[in-house]
Number of protein chains: 2
Amino acid sequence: MSDCTLEDVAARAGVSRATASRVINGGQRVAATTRRAVEAAIAELGYTPNRAARSLAASRSDTVALVVSEPAGRLFGDPFFGQTIRGAAGFLGATDYQLVVLMVQGDADRVRVERHLLRRNAAGALLLSTRRDDPLPRSLVDAGVACVLAGRAPDGLAVTYVDADNVGGARQAVTHLVKQGRRAVATVTGPRDMAPGADRLAGWHLGLAEAGLAAPASLVAEGDFTRAGGRAAAEALLRRRPDLDGLFVASDLMALGALEALRQAGRRVPEDVAVVGFDDSEAALSADPPLTTVRQPIEDLGRRMAELLLAQVAADDGAAAPTAEILQTHLVVRASA
Amino acid sequence: MSDCTLEDVAARAGVSRATASRVINGGQRVAATTRRAVEAAIAELGYTPNRAARSLAASRSDTVALVVSEPAGRLFGDPFFGQTIRGAAGFLGATDYQLVVLMVQGDADRVRVERHLLRRNAAGALLLSTRRDDPLPRSLVDAGVACVLAGRAPDGLAVTYVDADNVGGARQAVTHLVKQGRRAVATVTGPRDMAPGADRLAGWHLGLAEAGLAAPASLVAEGDFTRAGGRAAAEALLRRRPDLDGLFVASDLMALGALEALRQAGRRVPEDVAVVGFDDSEAALSADPPLTTVRQPIEDLGRRMAELLLAQVAADDGAAAPTAEILQTHLVVRASA
DNA sequence: TGGTCGGATGAGAGCGCTCTCATACCATCT
DNA sequence: AGATGGTATGAGAGCGCTCTCATCCGACCA
């Protein structure tokens, strides 16, 4: 099984190396009998192509880079990171491509990774990064390196991306609250200059509008995706709007803080105030009461990113139009709303 | 910056390709002035070696495989997975090696991955897998492929591994409970045929022994690392030992279940029963009350695994003795104990 | 001064594969 | 029968690098 080359396969099948190669790569222009002979030889020998030789000769890479910018890793949290990798690696496992993980933790790394990609050491890149001002996506696009972003692309950047339906998910959450008879449905937002923060707020607006309810500024408080921030925002909301009876919080972690604030204020959840979070993190399940929340298909996101990247690589006629793909979210109803 | 080969560097430096290569690879037997000339050329040209060509010519791989067996991914949970990758990839980023993630989700994958590694398509493998009966580690060791396991190695397998100090962590937890004056300290264990389950139980025994307390079987209930399992085990414990005043639960998730059982039984935490978990997962923080727990240095674990693997690869005199490395755990005191 | 030794360097042969061409072959058409 | 076209195949030139040898040159010794 160990070392055996194309040459060996060719010899055993009684053909030339070129023909054996043809069979392996799609097998166009090969007579059926010849192909069968080669395939048999491959099976008997347990042949596996040498990846290095292959990509050297073809001057293309069989590697897909997953670039993780450190701030992203921190903010999105590990589950997000791990699940995305799982999705992408799972999909790529069925192809000839391999997933290599590139971590960017400082400027030296940034340069190294950028050079690596620009020199075409990977077929393309999957970018995980929250920073909207990260220059890497633009460099790659300009250099014609195939890439796919996780999360909505920055304005003005024509690049393929896959995102969870933040707007739709938030809308769903609000609709759910309204259906429970809530009329004063407030929201704790994420930072508004981050796409998920802005989008979930937009979804809240949409949900209220659909229900014919007003969305005054007094029902909006900005958090920062941390637990403490969620708590502070909820407290402000409670002060401004004592009539509050529904609360959509743009992340589970913030919702945990909001739950504290509500408890402290003597409000029962969900009797007095119904709460819906976002993310369906582990924390949502362990909250008290368990949090109704919006689940994002993170693993699917990783998978789709990989899929779209390969499509882009395959159709490398340069002019491949950037695609945007929005993955449906799903409301998980628990006790809090 | 883009394509420029060793040949270009050599030409610019006025030397032969061989000499340029020497400078890049350790630079033995090269005159100081020559070396400087080559280094200058490299800098000016922004040269980066072609990985494929390199590993083809040297017939070695610059790739480290991280093999994730699916059951492991599920059981350990995503945070474990993500953090390990982060640690390993972070460390490897500073070397010439790259981390490729290989997911094993079925038999086809198993064969593919095994063949991949046996054919030396990677310099070595980092193995993440809970199944003690997984045949992969043994195959690799037998074939002389460098590898490092996450978690204690199965008995009889001479292989390097890195593990968190499950015994010590559990001991610490128990000692903490005893120091709070608890005398009837029970434990909810993981499955005993899993190393972490067995080791944490051993730590519990150790802690009690050190405190001069007895450890009757009535204080032990087996869980399965799930929340429901933890709840059931705690209920059993409460039934058997109404005098229970301390509880060490071998995972946070199970501790969440135990907390439910205690609440239902009308016991206050920590007043009536003090509880300590294990893992310091996100859930621990959001539990009610926030869980005192044992934190494992997962990211360090990934980093050390990578480090030990490279050491093994470097010292490939075959007879490299397997190393075991145990990473210290750390008690995080919150409200539950 | 001739001989010797050792370190610096260059020449060149691959590593295992892909891919372009040229060639051989057969069928079809005039 | 000769011309034409299309398809299956083989020959061979690299891809960019490493590594073994042979070579060269200056230093040192007798």
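Tutor: Let's start at the DNA, then move on to a pair of helices and end where the two chains meet. Keep in mind that this is a predicted model.

Helices from both chains turn up here. The top contributor is α4(A), with five residues. If you sort that surface near DNA strand C by class, you get 14 nonpolar, eight polar and six charged residues.

Now zoom in on two of those chain A helices. The axes of α1(A) and α2(A) come within 8 Å and cross at roughly 100 degrees. Angles of 65 to 115 degrees count as roughly perpendicular, so that's the label for α1(A) and α2(A). On the α1(A) side, the contact uses A:Leu6, A:Glu7, A:Val9, A:Ala10 and A:Ala13, and α2(A) answers with A:Arg17, A:Thr19, A:Ala20 and A:Ser21. By class, this helix contact has five nonpolar, two polar and two charged residues.

Step back to the segment before α1 of chain A and you'll find A:Asp3. Is A:Asp3 buried or exposed? Exposed, because A:Asp3 has 11 C-beta neighbours inside 10 Å, and 12 or fewer puts a residue in that class. For a sense of scale, A:Asp3 and A:Phe80 are 77 residues apart along the chain, and their C-alpha atoms are separated by 39 Å.

Last stop, the place where the chains touch. Chain A puts in 37 residues and chain B puts in 37 residues. On the chain B side, α4, α5 (70-93), β2 (98-104), α6 (107-118) and α12 (282-286) each supply at least two residues. There α5(B) gives the most, with 11 residues. The side of chain B that touches chain A has 16 nonpolar, 13 polar and eight charged residues. The strands get involved too: β2 of chain A (residues 98-104) and β2(B) pair in the antiparallel sense over three bridges. One bridge to look for joins A:Val101 to B:Leu99 in β2(B).

Conventions: Residues numbered from 1 in each chain as written. Chains lettered and ligands numbered in written order. Predicted model: local features only at pLDDT ≥ 70, side-chain atom pairs only at ≥ 80, totals over all residues. Helix = DSSP H or I, 4+ residues; strand = E, 2+ residues; numbered from the N terminus. Nonpolar A, V, L, I, M, F, W, Y, C, P; charged D, E, K, R; others polar. Buried ≥ 20, exposed ≤ 12 C-beta atoms within 10 Å, placed from the backbone. Contact = placed C-beta atoms within 7 Å. Pairing = 2+ DSSP bridges. Axes fitted to C-alpha atoms, helices over the stretch in contact; angles between N-to-C directions. Parallel < 35°, antiparallel > 145°, perpendicular 65-115°, else oblique.
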